[in-house]
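Hi everyone, thanks for making time this morning. I'd like to walk you through one structure, so please have a look at it with me.

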Amino acid sequence: MMMTTTMRKKSASFLFRYSRIFHSDQPLSLNHNNSLLRSGTSLCMPISRYIGSFRGCRKAFQASAINHFRMPCGFQFRRFTSLSSVVQRNPSFSRLNSDDIDFFRSILGEKNVVQDEDRLLDANTDWLRKYRGTSKLLLQPRSTEEVSQILKYCNSRDLPVVPQGGNTGLVGGSVPVFDEVIINLGLMNDVISFDKVSGILVCEAGGILENLSSFLDSQGFIMPLDLGAKGSCQIGGNVSTNAGGLRLVRYGSLHGSVLGLEVVLADGSVLDMLGTLRKDNTGYDLKHLFIGSEGTLGIITKISILTPPKLPATNVAFLGCKDYSSCQKLLVDAKRKLGEILSAFEFLDNMSMDLVLNHLEGIRNPLPPTMHNFYVLIETTGTDESYDKEKLEAFLLSSMEGGLISDGVLAQDINQISSFWHIREGIPEALMKAGAVYKYDLSLPVEKMYDLVEAMRTRLGNSAKVIGYGHLGDGNLHLNISTPQYDDAVFAQIEPFVYEWTSNHRGSISAEHGLGLMKANKIFYTKSSETVQIMASIKKLLDPRGILNPYKVLPHSLAS
């Protein structure tokens with residue numbers, strides 16, 4: 001039995017139509033062509049499958065056979081690495097010996113001093129299988145005191161170290177370049193305190209983002225950031241890389257959410273900045289030096305973070321647009337008309353959608369039968385289900401009347417919401433399954449974002465597929481070039497063009513992934529030489545021997 005509800009807005013005769021009995025799990029579909037809001041095709045997906053998708057794809061990637069090139073210096077990288085020259089090991093660094101192993105065992109115990117080859121292979125290799133170091137030692141401290149003892153000893157011995165969390169980074173920042181000692185904080189995962197009045201969470205750096213989110217959910221709160229890698233990434237790594245993610249348009253960056261840090265410096269000194277105050281104007285706010293420093297200035301061991309309350313009403317719409325200009329105008333209108341309830345505004349082009357449909361199982365286009373040039377995912381969160389939904393529906397109808405939306409669906413339940421998000425979050429997995437991929441994470445003025453995608457398509461022609469998607473709400477483009485296999489000729493066409501184009505349009509070569517090893521020598525495309533020199537001075541002050549995550553973030557000529 002079909003039930004209809006009339007939408008009254010100006011002279012528009014749009015109708016909601018869906019079945020209460022058999023089709024309550026179907027999305028509400030908006031179609032500008034027939035002026036009718038019809039029920040869409042069911043896209044149900046179990047939440048467990050959605051949450052587990054990241055873990056599953058990582059295991060698949062790690063099981064794949066990938067050719068690496070071993071350089072004389074011992075560092076391995078794939079042909080598509082962004083390094084302009086071979087990195088040389090710092091000759092001032094010492095080599096690990098048996099006395100070092102004995103010392104680490106004396107403070108950590110036998111079990112937490114790992115030399116197993118299989119575990120080391122995983123810890124030495126980044127998530128994309130792009131970079132691989134040759135570390136012979138993985139340490140697993142259980143407390144700040146143990147981290148302090150490790151660093152004090154390594155500093156005295158000139159033993160380089162690489163801090164590691166969930167190892168989900170995309171720029172080679174979380175793995176050794178050579179034989180650096182790996183310090184993994186995964187055992188430091190306790191929730192220290194949570195204040196329900198202020199919403200302030202204090203926790204250790206090894207807490208997995210998804211686990212922290214589950215804890216907060218039970219308290220009626222949420223984490224201010226949400227990432228596709230939430231099932232593996234750790235909060236310490238998130239803060240160290242200043243991870244952005246899907247909620248930045250609503251809650252801002254971690255520079256605003258993080259209230260305090262505890263950091264262990266290179267010499268083992270513990271810097272206690274673990275405040276829980278919203279306001280504190282006593283001198284320099286040093287915690288900001290460590291947010292986004294990628295472990296090159298100190299190892300974050302504890303975090304104090306402001307968490308927003310969990311709001312009861314969540315709505316997600318998946319929309320089709322005819323051109324990028326419509327996506328931009330839709331964003332402007334969404335900020336004005338949805339205002340306080342807008343929590344995400346994502347976009348993908350038709351080539352992104354095509355990849356997901358062809359390479360991921362269980363994915364269906366919510367807007368059949370035709371492909372649209374662009375797709376937009378809008379999420380709202382608020383306190384009043386009926387008010388928020390009415391506000392979103394009114395916005396969608398006015399947008400269709402104005403020609404900004406060609407078609408669209410409104411999720412009707414949690415399964416629908418997860419399936420819509422799975423399309424957007426599944427793009428990286430689909431790209432990996434399609435073959436070789438060159439990935440670039442860029443910030444650009446919103447009006448210029450897709451110009452780079454089109455410029456790259458013109459430049460590469462039929463030699464590659466150029467895919468554009470990302471966080472339109474905060475001007476973050478994920479530019480991906482997909483080819484059957486890695487090709488030096490294609491790579492030469494991509495770089496340095498992609499960085500030059502971004503620099504010429506006053507953009508940033510790293511929006512949220514960091515610089516790591518991949519972009520350390522590219523920093524001048526975004527930062528002035530004077531700025532970089534000050535960064536190098538800060539590094540020299542806090543880590544004079546240069547043992548913390550060497551070869552990362554700063555140009556190798558300055559960091560050596």
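I'll talk about a helix pair, then some aromatic rings, and then one aspartate. Please keep in mind that this is a predicted model.

Let's start with the helices. Two packed helices are described by the angle between their axes and the distance between the axes. Here the pair is H10, residues 324-337, and H12, residues 385-401; their axes come within 11 Å and cross at roughly 145 degrees. The crossing of H10 and H12 is right-handed. Which residues make the contact? On the H10 side they are Leu330, Asp333, Ala334 and Lys337, and H12 brings Lys391, Phe395, Ser398 and Ser399.

Now to the rings. How many aromatic pairs does a search of the whole structure find? There are 18. A pair of aromatic rings is described by the distance of the centres and the angle of the planes.

One of the pairs is phenylalanine 93 with tyrosine 551, which is edge-to-face, at 6.5 Å centre to centre and with 80 degrees between the planes. Phenylalanine 93 sits in the loop between strand S6 and helix H2, while tyrosine 551 sits in the loop between helix H18 and helix H19, so this pair ties together parts that are 458 residues apart in sequence. Are these two residues buried or exposed? Both phenylalanine 93 and tyrosine 551 are buried.

Another pair is phenylalanine 194 with phenylalanine 221: the ring centres are 5.1 Å apart and the planes stand at 75 degrees, so this pair is edge-to-face. Phenylalanine 194 belongs to strand S12 and phenylalanine 221 to the loop between helix H5 and helix H6, so here the parts tied together are 27 residues apart in sequence. For burial, the cut-off is under 20% relative accessible area. Phenylalanine 194, at 17%, therefore counts as buried, and phenylalanine 221 is buried with 11%.

There is also a cluster, in which ring pairs link Tyr324, Phe347, Phe374 and Tyr450.

Finally, the aspartate. Aspartate 413 lies in the loop between strand S20 (407-410) and helix H13 (414-425). What does its side chain reach? The side chain of aspartate 413 comes to 3.1 Å from the backbone nitrogen of asparagine 415 and to 2.8 Å from the backbone nitrogen of glutamine 416.

Technical notes
Residues numbered from 1 in each chain as written. Predicted model: local features only at pLDDT ≥ 70, side-chain atom pairs only at ≥ 80, totals over all residues. Heavy atoms only, no water. Axes fitted to C-alpha atoms, helices over the stretch in contact; angles between N-to-C directions. Helix = DSSP H or I, 4+ residues; strand = E, 2+ residues; numbered from the N terminus. Left-handed = near helix turned anticlockwise from the far one by under 90°. Contact = heavy atoms within 4.5 Å. Phe/Tyr/Trp six-rings, centres within 6.5 Å; stacked < 30°, edge-to-face > 60°. Buried < 20%, exposed > 50% of the residue type's maximum accessible area, 1.4 Å probe, protein only. Polar contact = N/O pair within 3.5 Å; in protein donor to acceptor, adjacent residues only side chain to side chain.
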